[in-house]
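Please keep the viewer open while you read.

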Amino acid sequence: MNTVVAHAEHVCVVIDYDTGQTELRPTSAAPSSLGATVVALPETALSWGTVEQSAVLPEPVPIPIRWRIAAVPAVLATAAVWAAGPRRSRFSRLVRLACRGRGLAPATVSQARYAVLAVRWAARLLPMRWACLEDSTAAAFLLSTARRRAEWRHGVALDPVRLHAWIVGPNGEPVEEPTDTALYTATFTPDGPGRHRPTEERTNE
């Protein structure tokens, strides 16, 4: 079962990764009774959804041409996976694609950064919905074609409850993401539902 219950003191967020369906439930429903993986969400200070952002634009990062070229088919493949097949399974198709390189050697910070930036460059003119899920999935797929594991994350933040998908580097830091990405708790990774596991734990399996 690919269902995760993200559990906080005042709310349960139930995410079905097979259908993409997300539900808010009261905490009175015991998470263990739902037969799902339970992830505890840390309580955060109230912000009412507002986060301070830097008014200074970051310096542009030059993207090597080989990454730009490779990003084009990766973006097109992600768009094809998004479009092909029943709409109800679209979310799960993208999740599977994002986790495709699970058994590969981890990407470096530079490789992950180039993949994310190259995908965003290549996806600018796509005539379709292109948000964080599609963006991070295409970057993960691009890294898998380079024979590298992308540390893809999908997770939940509170106040208000919201979902996000992103890539982290080997140091665990979000790659080319705003600072408020640190507020999200991972609920699905290439290793399946639940929090991410350290590299040494995976290699000892």
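Predicted model: local features only at pLDDT ≥ 70, side-chain atom pairs only at ≥ 80, totals over all residues.

**Notes on helix packing and a surface patch**

1. Which residues form a nonpolar patch on the surface together with L76? Look for V72 and W121: with L76 they make up this patch, and the accessible area of the three together is about 250 Å².

2. Next, follow helix 1 to its partner, helix 2, which covers residues 90-98. The two pack at an angle of about 150°, and their axes are 8 Å apart. Angles over 145 degrees count as roughly antiparallel, so helix 1 is roughly antiparallel to helix 2. The crossing of helix 1 past helix 2 is right-handed.

3. Now turn to helix 3 (residues 109-122) and helix 4 (residues 132-145). How far apart are the axes of helix 3 and helix 4? They are 9 Å apart, and the packing angle is about 125°. That angle makes helix 3 oblique to helix 4. Helix 3 also passes helix 4 in a right-handed crossing.

4. To view the contact between these two, select Q111, A112, A115, V116, A118, V119 and R120 on helix 3. On helix 4, the residues making the contact are D135, A138, A139, L142 and L143.

How values were computed. Residues numbered from 1 in each chain as written. Heavy atoms only, no water. Patch = residues over 30% accessible without salt bridge, like charges linked within 9 Å, V, L, I, M, F, W, Y side chains within 5 Å. Areas by Shrake-Rupley, 256 points an atom, 1.4 Å probe, with all protein chains shown as cover. Salt bridge = Lys/Arg side-chain N within 4 Å of Asp/Glu carboxyl O. Axes fitted to C-alpha atoms, helices over the stretch in contact; angles between N-to-C directions. Helix = DSSP H or I, 4+ residues; strand = E, 2+ residues; numbered from the N terminus. Parallel < 35°, antiparallel > 145°, perpendicular 65-115°, else oblique. Left-handed = near helix turned anticlockwise from the far one by under 90°. Contact = heavy atoms within 4.5 Å.
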